[in-house]
Amino acid sequence: MASLEMQINDFMSKVIAKNPGESEFHQAVKEVAESLLEFIEANPKYKHAKILERIVEPERVIMFRVPWLTDDGEIQVNRGYRIEMNSSIGPYKGGLRFHPTVNLGILKFLAFEQVFKNSLTTLPMGGGKGGSDFDPKGKTDNEVMRFCQSFMTELSRHIGPDTDVPAGDIGVGGREIGYLFGQYKRIRNEFTGVLTGKAIEWGGSLIRPEATGYGAVYFAQEMLKTRNLDLKGKTCVVSGSGNVAQYAVEKLIHFGAKPVTLSDSSGYIYDKDGITTEKLAYVFELKNIRRGRIKEYADKYGVEYIEGKTPWNVKCDAAFPCATQNELNEEDAKVLIANGCIAVSEGANMPSTPEAVEVFIAKKILYGPGKAANAGGVSVSGLEMTQNSMRLPWSREEVDARLQEIMVNIHSTCEKYGKEKDGFINYVNGANIGGFIKIADAMIAQGLV
Ligand code: NDP
């Protein structure tokens, strides 16, 4: 029998040949294959059913033209996508990303990760992802609305509350979900739970905006508990300043931790005294209403602003990457650990490069990969779908309690499948194997689909 390494290389060379140029997709698949191959060897039913070969192939990929008009009447053309990756345990579920870097490979990596993440939540959701290379930055509300309407005119043919239920992601927040939902309703003449992340007055769930950031912090607490530690008094570095970062900071403050950084694609702020509730209220207004840059925080509060850099060289006990993929590299990982960082909980999807992950695991710190640590967002999306189906909203306390229970369960699953002989929990292996089993068994039960 070929060695595991040879098997991985062979498998990956086929994936790369079939999906050329999609480097982020290759990266996500390789990480999963490395975690799974040994497990699959030990469980031949998965090998015979060729689950790994099938699971990397999307069930369906939709690509479409999105024409729209600027306020000046100039025609613009963007590209829209929806990757329907796997529906073995429920309707496709996963966010929409509007960002100029969006391409097929990035969305396929996100859809692939989503399959495992959604399985880990224990809720009945398949995996998907979509979006466009449209950049909402600098656009007026009317331009964003016209883009969203054009995007949904095509997407509406492919989604539905029992088929595919998109949500937000980078560049898609409450405003965009509103325009997308309005257009879907107009075209289909249906008021259904076809999107999650809706406003509370028209079918949204309490705690959905908070869920990803809160969930990443709940997950960090669970990881720390395994070493009889907690977040109280811990200095925390957070990247990003969007939806996930904002609510990660809110929950860190709630737990008595001291978040000291926030960033955007231009640079980061370092607030030595800690970001307080009052300062965070300013960030909410700055980012969600005025749509300004994080540098303005430094100007307002007289703290350091470091242009063009990420915050990983700031001394901390715990780090929360909450911006984007591959934002934390090997060198950053080494610096974090040299500075005493003991836990990394990923709010973003695949923010650490494979080399950085290797450093975290070799040094046996508490490392929670995105597909486990940021699953709180899609979990509350799943709870939003349940409330929409029942046409009955739950209270804030009820949703938050369910979110906490789900994050604790995800942690236990990672522990169950990722605990090594010396007691170290490899959360990467735990999340990949724990997420895989349910999907693989469902695929086998449903025949050759
Ligand atoms: P937002 O659009 O609200 O915020 C994104 C933040 O990340 C902004 O501060 C943005 O800065 C920064 N950012 C984006 N792209 C880059 C880049 N290429 N380099 C540096 N900074 C960048 O998105 P979210 O907070 O919703 O998403 C953040 C991450 O969390 C993503 O990886 C997303 O996939 C993941 N995630 C989100 C979930 C959700 O529920 N929203 C659920 C699970 C995961 P700037 O404004 O300058 O672009």
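**Ground rules.** I count residues from 1 along each chain as its sequence is written, and my side-chain values use heavy atoms, with hydrogens and water left out. Because the model is predicted, local features need pLDDT of at least 70 and side-chain atom pairs count only at pLDDT 80 or more, while totals for chains, interfaces and linings use all residues.

**Entry: the ligand shell.** I began with the residues around the ligand and found 24, of which Asp169, Thr212, Ser265, Arg293 and Asn349 come nearest. Here a residue is near a molecule or strand if one of its heavy atoms lies within 4 Å of it. I then sorted the shell by type: five nonpolar, 13 polar and six charged residues. In this sorting Ala, Val, Leu, Ile, Met, Phe, Trp, Tyr, Cys and Pro are nonpolar, Asp, Glu, Lys and Arg are charged, and the others, Gly among them, are polar.

Why does the ligand lie between domain 2 and domain 3? I see that domain 2 (60–189) and domain 3 (211–373) both give residues to the shell, so the ligand lies between them. The domain bounds come from an automatic or database domain assignment.

Helices (H or I, at least four residues) and strands (E, at least two) are DSSP runs, numbered from the N terminus.

Entry: I looked up backbone N or O atoms facing ligand oxygens. For Val244 the distance is 3.0 Å, and for Gly347 I read 3.4 Å. A polar backbone atom of Ala323 is 3.5 Å from an oxygen atom of the ligand. Taken alone, the ligand exposes 890 Å², and the protein buries 83% of that (Shrake-Rupley method, 1.4 Å probe).

**Entry: the five-stranded sheet.** I traced an open sheet in the order β1-β2-β4-β3-β5 with mixed pairing; two strands pair if DSSP finds at least two bridges between them. Its edge strands are β1 (60–69) and β5 (164–167), each pairing on one side only. Inside the sheet, β3 (residues 92–98) and β4 (residues 127–132) run parallel and are joined by three bridges. I noted Gly131 in β4 as the bridge partner of Arg97.

**Entry: the three-stranded sheet.** Back at β8, I found an open antiparallel sheet in the order β8-β9-β10. The edge strands are β8 and β10 (304–307). Four bridges join β8 to β9 (residues 267–270), and Thr261 has Tyr270 of β9 as its bridge partner.

Definitions and conventions
Polar contact = N/O pair within 3.5 Å; in protein donor to acceptor, adjacent residues only side chain to side chain.
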